[in-house]
Amino acid sequence: MSLEAFVLELLSSFPHWLATMIIGAVPIFELRGAIPIALWTYQMDPISAYVFAVLGNMIPVVPLLLYLDPVSKYLRRYTIFDKFFSWLFERTHRNHSERFEKYGTLALTLFVAVPLPVTGAWTGCAAAFVFGINFRHAMPAILAGVLIAGLIVSAVTLTGISLLGLV
């Protein structure tokens, strides 16, 4: 059984709008999975699919932005976690700091907006944490990225459904 089939089976007793929000909140799927499932599997209208997927995708953002720093500080008391966070920060700064320094929160918005694997709200929160972007700037940047990604995913999904004649 595929992961998608497992999740759909798990959420089969939920109303479609709530299942769409839950799928949107899960880091593996986010709205990149929620919108196609809502449009194709649940046959939701595009506006509802977009709204519920975006809302679901934004649910974990506030706790992640607020608690990643305190949790990492707590975990750094242990050697293994201290080594992990040191490696993560060093690697991320080495590979991405030039873009984030040059473009700031715009880079965060564009990073979240690109609907590819390993981009999205969850990873955007991690990037904001690693680069020290405070909540006041990170939250609207991530929201803008999620809104843009939702439009892209909706357009691509609707185009695919139309071209394949699935609806």
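These entries record what I looked up on one helix contact and one group of aromatic rings.

**Entry 1: the model.** I note that I am working with a predicted model.

**Entry 2: helices α3 and α9.** I looked up how helix α3, residues 30–41, packs against helix α9, residues 135–164. Their axes lie 9 Å apart and form an angle of about 40°. I therefore record α3 and α9 as oblique to each other. The crossing of these two helices is right-handed.

I then listed the residues that make the contact. From α3 they are L31, R32, I35, P36, L39 and W40. From α9 they are V146, A149, G150, V153, S154, T157, L158 and I161.

**Entry 3: aromatic rings.** I found four aromatic pairs in the structure. I followed up the pair of F84 and F85, whose ring centres are 5.3 Å apart. Their planes stand at 65°, over the limit of 60 degrees, so I record the pair as edge-to-face.

F84 is partly exposed, at a relative accessible area of 39%, whereas F85 is buried, at 10%.

F84 also forms an aromatic pair with W87. Here the distance is 6.0 Å centre to centre, and the planes are 35° apart, which I record as tilted. Both F84 and W87 belong to helix α6, residues 79–103. They are three residues apart, about one turn of the helix. W87 is partly exposed, with a relative accessible area of 48%.

I close with the cluster: ring pairs link F84, F85 and W87.

How values were computed: Residues are numbered from 1 along each chain as its sequence is written. This is a predicted model: local features need pLDDT of at least 70, side-chain atom pairs count only at pLDDT 80 or more; totals for chains, interfaces and linings use all residues. Side-chain values use heavy atoms; hydrogens and water are left out. Axes are lines fitted to C-alpha atoms, for helices over the stretch in contact, and angles run from 0 to 180 degrees between N-to-C directions. Helices (H or I, at least four residues) and strands (E, at least two) are DSSP runs, numbered from the N terminus. Angles under 35 degrees count as roughly parallel, over 145 as roughly antiparallel, 65 to 115 as roughly perpendicular and the rest as oblique. A crossing is left-handed if the near helix is turned anticlockwise from the far one by less than a right angle, and right-handed if clockwise. Contact means heavy atoms within 4.5 Å. Rings of Phe, Tyr and Trp (its six-membered ring) pair if their centres lie within 6.5 Å; planes under 30 degrees apart count as stacked, over 60 as edge-to-face and the rest as tilted. Buried means under 20% relative accessible area, exposed over 50%, partly exposed in between (1.4 Å probe, protein chains only).
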